[in-house]
Amino acid sequence: MDAPHVAGGPDPVVPGRVALEVSPLPGRSGIRVRGEISVLTRPSWEQALSELARRHTGVSYVELSDVAFVDVAGVTALAVTAMNLPDGKVVVENPPPQLPRVLEMFWPGLDRIEVAL
């Protein structure tokens, strides 16, 4: 049963409202992500990146056109995953605007990630 909502108070937190959907990219190595990457969805994001790294064979794609927001910890997880790959790179397609800015701020020159806008 949901908690009652008090008029004028904050909206109740509804479990499952914030979701991260991850699916394979058809025809190429990588994942398509939709939703938000934040503290609430970070375990799913990190699991998806771990699986991506496990299946990595030279170039992996991460399609983010349906991602509204990525927090700094989410970008960190992506950068760490890319840095730990044995070879190749991760191509991040259509990310939200904060992702390339955070990468440039904290990992300038990281050649294991290519951002394709």
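Which residues does V62 touch, not counting residues up to four places away in sequence? V62 touches I31, W45, L52, V90, V91, V92 and E93, where contact means heavy atoms within 4.5 Å. The model is predicted: local features need pLDDT of at least 70, side-chain atom pairs count only at pLDDT 80 or more, and totals for chains, interfaces and linings use all residues. Residues are numbered from 1 along each chain as its sequence is written, and side-chain values use heavy atoms, with hydrogens and water left out.

**Overall architecture**

- The protein contains 3 helices and 5 strands; helices (H or I, at least four residues) and strands (E, at least two) are DSSP runs, numbered from the N terminus.
- The order of these elements from the N terminus on is β-β-α-β-α-β-α-β.
- Of the 117 residues in the protein, 36% are buried; buried means under 20% relative accessible area, exposed over 50%, and partly exposed in between, with a 1.4 Å probe and protein chains only.
- Among contacts in the protein with a separation of 6 or more, 63% join residues 24 or more positions apart.

**Nonpolar core**

- In soluble globular proteins, nonpolar side chains tend to be buried together.
- The largest nonpolar core has 26 residues; such a core is a set of buried Ala, Val, Leu, Ile, Met, Phe, Trp, Tyr and Cys residues joined through side-chain atoms within 4.5 Å.
- Two or more residues of this core come from each of β2, α1, β3, α2 (72–83), β4 (89–93) and α3 (98–106).
- Helix α2 supplies the largest share of this core, with 5 residues.
- The residues with the most contacts inside the core are V33, W45, L64, L78, L99 and I113.
- L99 is in contact with L64, V70, V75, L78, V92 and V115, leaving aside its neighbours within four places in sequence.

- V62 lies in strand β3 and counts as buried because its relative accessibility is 0%.
- The C-alpha atoms of V62 and N94 are 8.9 Å apart in space, and the two residues are 32 residues apart in sequence.
- S65 also belongs to strand β3, which spans residues 59–70.
- S65 counts as partly exposed because its relative accessibility is 43%.
- S65 touches E93 and N94, not counting residues up to four places away in sequence.
- The side chains of S65 and E63 make a polar contact at 2.9 Å; a polar contact is a pair of N or O atoms within 3.5 Å, and within protein one must be able to donate a hydrogen and the other to accept it, while residues adjacent in sequence count only if both atoms are side-chain atoms.
- A distance of 8.4 Å separates the C-alpha atoms of S65 and R32, which are 33 residues apart along the chain.
- F69 is found in strand β3 and is partly exposed, with a relative accessible area of 36%.
- The C-alpha atoms of F69 and E36 are separated by 5.0 Å, although these residues are 33 residues apart along the chain.
- Leaving aside its neighbours within four places in sequence, F69 is in contact with G35, E36, I37, P96 and Q98.

- Q98 is placed in helix α3 and is buried, with a relative accessible area of 15%.
- Q98 is in contact with A68, F69 and V70, leaving aside its neighbours within four places in sequence.
- The side chain of Q98 reaches the backbone oxygen of V70 at 3.4 Å.
- N94 is located in the loop between β4 and α3 and counts as partly exposed because its relative accessibility is 35%.
- Most residues other than glycine have a negative phi.
- N94 is not a glycine, yet it has a positive phi of about 55 degrees.

**Largest pocket**

- The largest pocket holds about 210 Å³ of space.
- The lining of the largest pocket includes residues from β1 (20–24), β2 (30–37) and α1 (42–55), each giving two or more.
- Helix α1 gives the most to this lining, with 4 residues.- On a 1 Å grid over the protein atoms alone, a pocket is an open set of points where a 1.4 Å probe fits, with protein on both sides within 12 Å along at least five of seven lines; lining residues have an atom within 4 Å of a point.
- Grid points are joined across faces, edges and corners, and the volume is the space filled by probe spheres set on the points.
- The lining residues of the largest pocket are V22, S23, P24, S29, G30, I31, A48, E51, L52 and R55.
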